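Here are my notes on the model, as numbered points. Please read them with the structure open.

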Amino acid sequence: MDTNLSYCQRLAEVLCSLIADKVDDPFNVRAEINALFTGLQASSKVEPDVLAALLKQSPDAQAKLAVISEYTPSKWLLERELEAQGYWKPGSDDAYTCAGKRSATGLCFSGGGIRSATFNLGILQGLSQHHRLSNFTYLSSVSGGGYIHQFLANWIHNRKLSHNAVFHPEIFQTVDKVKERTALDDVQDFLHPIPNAPSAVGEHPFGNAGYATVVSEPLRWLRRFSNYLAPRKGLTGLDTWTILAVWLRNTILNFVIILSAFVFLLLLPHTPITRWIIEKNSQPSPCHVFDIIVAVVTMSCVLIPGFFVRKWLCNCGESNDTNPGFSKIFIAMMSLFIAAVIAAPAVYRSSLPGEFSYFYTPTPVVNPVFAPMEKQSHVHYTAHFEDTAGANSSVMKIDTDAREAEPISGLRSHWEQRPASFLPHPLKASSFLPSALPSWFTRQTSFPFTRIAFVLGNALLLFLLSLAANKAPALGRISLLFVGIAFAWLLLFGVRTLFYAASFSIRPELISSLGVIILPPLLFGIPFITLALGSGLIGNDMRDEQREWMARLRAASFLTGAGWLLLTAFSLLGAELFDAIARMAVAKYAVWSGWLVTTVGGVLAGRSANSKGKTTDSDDSTKKGISWVELVATIAPPVFIAGLLILIAKLTSWSISSVPTPYIQPASLHVVCISGLVALTVFLLFGWRVDINDFSMHTFYRDRLARCYAGASNSTRQPNHFTGFDTSDRELLMTSLLPDSWSVLEGMEHAGTKGTYAGPFPIICTSINLTTGEDLAYQERKAASFAFTPLFSGFNVGWTAGRNANTQFNGFVPTAEYVYTDQGGVSLATAVAISGAAASPNMGYHTNSAIAFLLTVFNVRLGWWLRNTRRRVIASANPAHLPSVPRFGPLRLFDELMGRANDTASFIYLTDGGHFDNMGLYELIRRRCRTIVVCDSEADGQLHFEGIGMAIRKARLDFGVEVELGVWTMMRKTGSRSPSAACSGELQYHGVGFESRSGGY
């Protein structure tokens, strides 16, 4: 079923019905359609098929018209479910009218882990004792509530199979007719708590005088496996050590991917300071060919993105705004950064005194003072002194850094030896130039054309910016070209001066590392500062929209420069910092022990509710200040990241060091390349073969949940004698749980087939994480509801300007055609495990990007990556050929590291439903249930009712439904018990089919 086309067809029908009346158009639908689709005259009769075809190609138009017509994907989903029940068909009443007539009832099992599962088991037993389970249309479960939902669904399904195979009517002597008895009736009888009295509908089938005295086997199984992760307790038990073995295996495999990636990245900054590059650039060369080539590449990297930026600026704010998208802007910005990286060696070599030019030998005046240091780069120099004084005329040689002597006058004297001119040496030696030229003009130089190209490129970039200002006069634009040259030259002079002064603050062998670290980001800032100064001269000739666009581009440049600074600093100086710590006699043990303890504390704090913005249940929870758990969760991530990068930097430096030396020795280029190639190969190989889902802790968690709650009613269970697992425990599919009063819809596989499940329609609630989603309304929630049902699975969130052409507006797809189509669809066990994936790097409202890094590295990952239901699928595509999970996991793994997830990528990250709505109420309000029973099992010792309050708030904002709940009747006085264990409230639906009613629903 093409859900995108189906939704567009229904939306077109609704819109056409709204504009059928040529006079009355209160919502101004005609004008909106005319504005969205030029050439389509909505004032005349519009064919729904034509409008549907246009809507299918424009998610933006779907979103805008959905708001006007109030026909959202949620209403489309309600129509499909009503149609499956036989309450609605195309051309009939409004879906809300039909939903009002249906009077659906819903039961919610909230989250809360094993506590929720146990509590809701008691709810099931109480309902079963009065045979009330069959009165519910829907059963919505979240997290721990899903555990017991899985138990009930498997029991009903397995009982249906055995009920059809062998049925003894003489055993069940109830008032119900034998032919009308269902598997649900059997399960309800067996769920009765013992000792139980005769039910209202007749005598219990077992026991003396209608009383059962033996607990049914499925309930005994639950008690047996109540400690479902490690049923056999004890430090020496295999179950306990299996947890450690599985975690270590998965953590090591994931860490290999992360480590190899970081090693490769930290090797890259070593390339510019390898021995081969330093020595080759120090050799004489007869011509400037290499310099000219570098200059051409540098200017191209500046000007090519400049032309595109000018085009984007011209269109910015205009009606023909082409909106290039962040990817194109990022490429343009990276081109500018590459220009800065290419120009950095020229600036580096022209900033230090006594350098070797690559095209001629150094001047004799410089050599005696700045002699090359042995076993050191030819770019760095020290002074050599001999002391022959003394009676024995002994010779004493002292090697020291010449620049450290006489610090006040030394900077100035060595500054005079710098190659500062832009002119190449042959021109300076020419007889055409005057002989009496200042020293700063005639000093040696290197890479002059590269520096000239960089300055001219920045000036031309400012000129292109002036062309985007339509009101700027022609003469002013030309003058800006010369002003740009002056600005760029002064800024370049400032960068050289800053680097020259900074080189005196560190040891000589670290100067090349310092150049790699600070020169590219400093040079990268020159074009942006030049443009900023130039925009001030342009003044009001530039529009506000253009200035805002440039400001945002500068903000992106800050992040890029900071990223380079951190990467190269850890790469090139991390090993030095490690050695400095290692030289500490006692402090080194304290440093690394503190790092380890802080890391472990951060992982534990990241899983604690007290570090996720929740108030604690303690009496002093209302006091101001931050708790120690929150403090550890805040400090631990940056401490861990810094320590990890220092260790990896030391490993990287050790791997490329050929000979141990007391100072940093430039490595051979082939050693760096081979090491980088090995790291890249390991990354690609393991990234390709290690599945991001299977090697998280999700499968470990899912299999143990299935053994406990699904295996309880599996009478044909044949477990492996060593592991105790049976694959049949997790084979029940979501599509197999379609109730017997529902039918498969047209357009789906097995259309028209009636369901066989005797229980309520199941809804397994999970959360799709949206930490970096496009809809800013979700930046606080950081998640949305994602539900698995036997018919459809998916989600619906607000829509902003679609930046991804492969994304559609409707996020609901048939469950059978969604993922794992070769297996019949997603299984109930997988859905329940996702619904209970509380510990994950992305945790919806509780997501912390720093904590996410810690949890990912230590493989505290229970979430599941699946294909995005909003991704468009071409009509000819076979769902079986589409990947259900990421084929190359490291891309998604690094999203988890950074705590990033959205609804526009190819794959989405699903976690615990409690990260959005821990009650399961949201999905039942989407379906307009008249009666809802919520079983709240949260840890809420202070009766704050945070979970139900958040669910009510989201229902009001997203569906316009008011929920008035009398929770005050449960409030207790200090030191006393709650006067009531339950409360009632009202649902106030507004719309067709739910007329205002005194007392609500």
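1. Start with Phe264. Leaving aside neighbours within four places in sequence, Phe264 is in contact with Gly676, Ala679 and Leu680. Contact here means heavy atoms within 4.5 Å. The C-alpha atoms of Phe264 and Gly676 are separated by 5.2 Å, although the two residues are 412 apart along the chain. Phe264 belongs to helix H11 (residues 238-267). Helices (H or I, at least four residues) and strands (E, at least two) are DSSP runs, numbered from the N terminus. Phe264 counts as partly exposed, at 25% relative accessibility. The cut-offs are under 20% relative accessible area for buried, over 50% for exposed, and partly exposed in between (1.4 Å probe, protein chains only).

2. A word on the basis. This is a predicted model, in which local features need pLDDT of at least 70 and side-chain atom pairs count only at pLDDT 80 or more, while totals for chains, interfaces and linings use all residues. Residues are numbered from 1 along each chain as its sequence is written, and side-chain values use heavy atoms, with hydrogens and water left out.

3. The overall picture. The chain has 30 helices and 14 strands. Of its 1001 residues, 50% count as buried. Take the contacts between residues at least 6 apart in sequence: 74% of them join residues at least 24 apart. The chain exposes about 46,600 Å², and carbon and sulfur atoms supply 62% of that area. Accessible areas come from the Shrake-Rupley method with a 1.4 Å probe; for residues, only the protein chains shown count as cover.

4. Aromatic pairs. How many aromatic pairs does the count come to? There are 33. The rule takes rings of Phe, Tyr and Trp (its six-membered ring) with centres within 6.5 Å; planes under 30 degrees apart are stacked, over 60 edge-to-face, and the rest tilted. Phe578 and Trp592 have ring centres 5.8 Å apart and planes at 45°, so this pair is tilted. Phe578 lies in helix H21 (residues 544-582) and Trp592 in helix H22 (residues 587-606), so the pair ties together parts that are 14 residues apart in sequence. Phe578 is partly exposed at 22% relative accessibility. Trp592 is partly exposed too, with a relative accessible area of 22%.

5. A second tilted pair joins Phe640 and Phe858, 5.5 Å centre to centre with 45° between the planes. Phe640 lies in helix H23 (residues 628-656), and Phe858 in the loop between helix H27 (849-857) and strand S10 (864-867), so the pair ties together parts that are 218 residues apart in sequence. Is Phe640 buried or exposed? Phe640 is buried, at 3% relative accessibility. Phe858 is partly exposed, at 24%. Ring pairs link Phe640 and Phe858 into a cluster with Phe262, Phe578, Trp592, Trp595 and Phe853.

6. Look at Arg928. It lies over the face of Tyr96, at 3.8 Å from the ring centre. The test is NZ of Lys or CZ of Arg within 6 Å of the ring centre and within 35 degrees of the ring normal. Arg928 is in the loop between helix H29 (921-926) and strand S12 (931-935). Arg928 is not a glycine, yet has a positive phi of about 55°. At 6% relative accessibility, Arg928 is buried. Lys954 lies over the face of Phe916, at 4.2 Å from the ring centre.

7. Another positive phi is at Ser103, about 55°, and this residue is not a glycine either. Ser103 sits in the loop between helix H6 (95-102) and strand S1 (105-109). Ser103 is partly exposed, with a relative accessible area of 36%.

8. Helix H4 (residues 59-69) is mostly covered, with eight of its eleven residues buried. Among them are Leu65 and Ile68. The cover includes helix H1 (3-18), helix H2 (29-36) and helix H3 (48-56). Just after H4, Glu70 takes a positive phi of about 60°.

9. Cysteines. The structure holds zero disulfides (pairs of cysteine sulfur atoms within 2.5 Å). Cys98 is buried, at 6% relative accessibility. Cys708 is buried, with a relative accessible area of 1%.
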